[in-house]
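Please read these notes with the model open beside you.

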Amino acid sequence: MGQNFLAADREQGFLLPPDVRDWLPEDHFAWFVIEAVAEMDLAAFYGAYRQDGHGRAAFDPAVMVAVLLYAYARGTRSSRAIERACEEDVAFRVLAAHQVPDHTTIARFRQRHEDALAGLFGEVLALCAEAGLVCAGVLAVDGTKIHANASERATCDYERLAREVLADADAIDAEEDERFGDERGDELPEPLGTRQGRAKWLADAKRRLEERRAQEARPIPASRPARLREAKRRLEEEHRVEVQANADYEAYRARGVDKTGRRFGGPPKPFEPPATPTGKVNTTDPDSRNVKTLRGWAQGYNAQAVSTDRQIVIAAELTNSSADFGQLGPLIEAARRELRAAGIAQPPDVVLADAGYWHHAQIQALAADGITVLIPPDAKKRQGTRPGWNGGLYAFMRYALTTPAGAGLYRRRSSMIEPVFADTKFNRKIDRFLPRGRAACRSEWRLITATHNLRKLHQHQLAAAA
């Protein structure tokens, strides 16, 4: 008797079921995404198209949104990979209704509807609230570092930027001289003058500058010469902020008394600023920063999230600051805003965060609103307490975390928020942003967390039906 194998006849003809509903099981995630999109308010997408019907027909936004939500939930974000999946993957073919949008169309749809895609976070959160998955009694706050679509090798100082800008201008002039003879090309502006600055006021001035940049949300240019000019402009802008901070500080010292009326002591040490900006900026993504991770430094962003005890993300924000200090108050305010938009009136009762979020004023402000905040004043790596952090709120927080109730609550923090980042960065392999610029990366981060919530909602429905 010969060897026994299953027959492999690649010439055998087959017919798919005539009804597309028979192509996938009833509980498949693709059907759930289609049903979820049908419940969402997509007016922000449809409002961007002409009402008279003129022009070439566009892909239905509901179809594109369903394809993108499913792709992000599966960890597929490349436009070319999504296009290929619409041809080869049965689930994508069902979602796209047998249409195959090319990768350029997918990429332009994401760029055109950047704000609307970020708004899907609230739509998914509302669906989770309707299913009873959102309980805001205990919230966990944490952040994770995600690489930007840029390399740290593209970070340059002012002198290198100036050389590259000048070299680029020389190349343009040479090319135009060859084409136009004696005609002149564009000229670079003269370097801006500098005055004395004061380093101790610079941090607050630069913080206000970063807030203004975040509100402006200027897109990152696509061409490298334009990015070089934008990076140079930013360094010059930061230098102007330093100069203005010095002028404000000198005026403050000239009064002779501080805000409380006390007279100043000796005059401050003179500060001689450099003649040119000393900072560095990344020429690929000027909004990104060199942030500290567990494995060293990376060019990227600090992605923040607020999660419930069922690992539902109720707030997702993005900052380019490496430290978590100062993020607690804005994150809880964002969580309140998202909860109100989702129709949840229950305010947070307890907020859990690690030692990096310790901010005296923000903790007291939240406590004044009736929110219990549990944050250890001392990091795990530190042996003993921080120097000078004794008594008052520090001692009270250390005591609260040693009580059975406080310790029991705080033990829940890691299981509430860490799996969100693990699912994102390891299960779905999303550890780098695709777009460039803080505004675009924030929109993608909200879309990433929205698809995380969508998967949790699908799992909940499957468990309820079992």
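1. Terms first. Two strands pair if DSSP finds at least two bridges between them. Strands are DSSP runs of E with at least two residues, and helices are runs of H or I with at least four; both are numbered from the N terminus.

2. Basis of the model. This is a predicted model, in which local features need pLDDT of at least 70, side-chain atom pairs count only at pLDDT 80 or more, and totals for chains, interfaces and linings use all residues. Residues are numbered from 1 along each chain as its sequence is written, and side-chain values use heavy atoms, with hydrogens and water left out.

3. Strand β1. This strand covers residues 138–147 and has a parallel partner, β7 (residues 350–352), joined to it by three bridges. V138 stands opposite V350 of β7. β1 also pairs with β5, here in the antiparallel sense, over eight bridges. D142 has A305 of β5 as its bridge partner. G143 is bridged to Q304, again in β5.

4. Burial of β1. Is this strand enclosed or open? Nine of its 10 residues are buried, so β1 is largely enclosed by the rest of the structure. Buried means under 20% relative accessible area, exposed means over 50%, and partly exposed lies in between (1.4 Å probe, protein chains only).

5. Strand β5. Residues 296–307 form this strand, and 10 of the 12 are buried. β4 (residues 289–293) pairs with β5 in the antiparallel sense over five bridges. R289 has G300 of β5 as its bridge partner. A hairpin of two residues connects β4 to β5.

6. On to β6. This strand spans residues 313–319 and is antiparallel to β5, with six bridges between them. V306 finds its bridge partner in A315 of β6. The hairpin of β5 and β6 has five residues between the strands.

7. Cysteines. How many disulfides does a search of the whole structure find? The count is zero, where a disulfide is a pair of cysteine sulfur atoms within 2.5 Å. Now take two cysteines by their accessibility. C86 has 1% relative accessibility and therefore counts as buried. C441 is at 0% relative accessibility, so it counts as buried too.
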